[in-house]
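Please examine the sequence and the structure shown below.

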Amino acid sequence: MRLKDNINISDGIVKWIPYSNEEKICERFSLDEWHMAVHDINSDKEWEDFLKDSSIVKCYILKLCSNDNSIAFLYIMQENLAGTVFSVHGGGWENPLMYCRGYILLLEHLLNLGLKVRTYCQISNATAIRLDRAIGFVPYLYSDNEVFMWINNKRLKSSKIYKRFYKNKL
């Protein structure tokens, strides 16, 4: 399964739109922070070129519906040839609560498509690990530097954060 470039996922409060090169995301972070999400790219131009050349990575921007301000980004990477396993990575530069809401919204969308969703991050990235665990991700593998985690619909919907944002969906 291939992810569509033209997704438009919204809950009326936040929305995900496809990344465009007009949206500068790398420069919103220090290089060290950026490398926590994208370790081998150093500029917005490199990111744009990478996405143009990739058929397995899609990037999305999270915006507030109320004012159209961009607050975060995520990229989704296909992890297997069949296109049934994807990993998610990203970060936010504004409004962490709404970034968390958007993250949950996109995860739910992917899981509802029947996809297996994973993530991984550096063990030193305590903020990402804490957020992922709170949303329902479960570690399944540790390396010297990274932790690998998975999530399913049941775990996502039973998390306290999901219930706070989407209690009307339960």
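## Loop residues with positive phi

Asn 95 is found in the loop between S5 and H3, where helices (H or I, at least four residues) and strands (E, at least two) are DSSP runs numbered from the N terminus. Asn 95 is not a glycine, yet its phi is positive, about 55°. Most residues other than glycine have a negative phi. Asn 95 is partly exposed, with a relative accessible area of 30%; buried means under 20% relative accessible area, exposed over 50%, and partly exposed in between, with a 1.4 Å probe and protein chains only.

Asp 68, in the loop between S3 and S4, likewise has a positive phi, of about 65°, although it is not a glycine. Its relative accessible area is 37%, so Asp 68 counts as partly exposed.

## Basis and confidence of the model

This is a predicted model, in which local features need pLDDT of at least 70 and side-chain atom pairs count only at pLDDT 80 or more, while totals for chains, interfaces and linings use all residues. Residues are numbered from 1 along each chain as its sequence is written, and side-chain values use heavy atoms, with hydrogens and water left out.

The pLDDT is the predictor's confidence in each residue, from 0 to 100. The chain averages a pLDDT of 94, and 96% of the residues score at least 70. Confidence in the chain is lowest in H1, at a mean of 93, and highest in strand S8 (residues 146–151), at 98.

## The sheet

Eight strands form an open sheet of mixed pairing, in the order S1-S2-S3-S4-S5-S6-S8-S7. Strand S1 (9–10) and strand S7 (138–142) stand at the edges with a single partner strand each, so one side of each is left without a neighbour in the sheet. Two strands pair if DSSP finds at least two bridges between them. Strands of a sheet pair through backbone hydrogen bonds, either parallel or antiparallel.

S7 and S8 run antiparallel and are joined by four bridges; Leu 141 has Phe 148 in S8 as its bridge partner.

## S4 and its neighbours

Nine of the nine residues of S4 are buried, so this strand is largely enclosed by the rest of the structure. S3 and S4 run antiparallel, with seven bridges between them, and they form a hairpin with five residues between the strands. Asp 68, described above for its positive phi, lies in the turn of that hairpin. S4 and S5 are also antiparallel and joined by seven bridges. Six residues separate the strands in the hairpin of S4 and S5, where Gly 83 takes a positive phi near 70°. Leu 74 stands opposite Gly 90 in S5.

Lys 58 lies in strand S3 (residues 57–64) and has Ile 76 in S4 as its bridge partner. With a relative accessible area of 17%, Lys 58 is buried. Lys 58 and Tyr 75 are 17 residues apart in sequence, while their C-alpha atoms are 5.5 Å apart in space.

H3 is mostly covered, with 13 of its 17 residues buried. The expected span of a helix is 1.5 Å times one less than its number of residues. For the 17 residues of H3 this gives 24 Å, which agrees with the 24 Å between its end C-alpha atoms. H3 is followed by Gly 114, whose phi is positive, near 85°.

Asn 152 lies in the loop between S8 and helix H5 (153–158) and is partly exposed, with a relative accessible area of 30%. Asn 152 and Leu 107 are 45 residues apart along the chain, and their C-alpha atoms are separated by 9.0 Å.

## The largest pocket

The largest pocket has a volume of about 1000 Å³. Of the 45 residues that line this pocket, the closest to its centre are Ala 37, Gly 90, Gly 91, Asn 125 and Ala 128. Among the elements that give two or more residues to the lining are helix H1 (31–37), strand S4 (70–78), strand S5 (85–92) and helix H3 (96–112). On a 1 Å grid over the protein atoms alone, a cavity is a set of points where a 1.4 Å probe fits but cannot get out, whereas a pocket is an open set with protein on both sides within 12 Å along at least five of seven lines; lining residues have an atom within 4 Å of a point. Grid points are joined across faces, edges and corners, and a volume is the space filled by probe spheres set on the points.

By class, the lining has 26 nonpolar, 11 polar and eight charged residues. Ala, Val, Leu, Ile, Met, Phe, Trp, Tyr, Cys and Pro count as nonpolar, Asp, Glu, Lys and Arg as charged, and the others, Gly among them, as polar.
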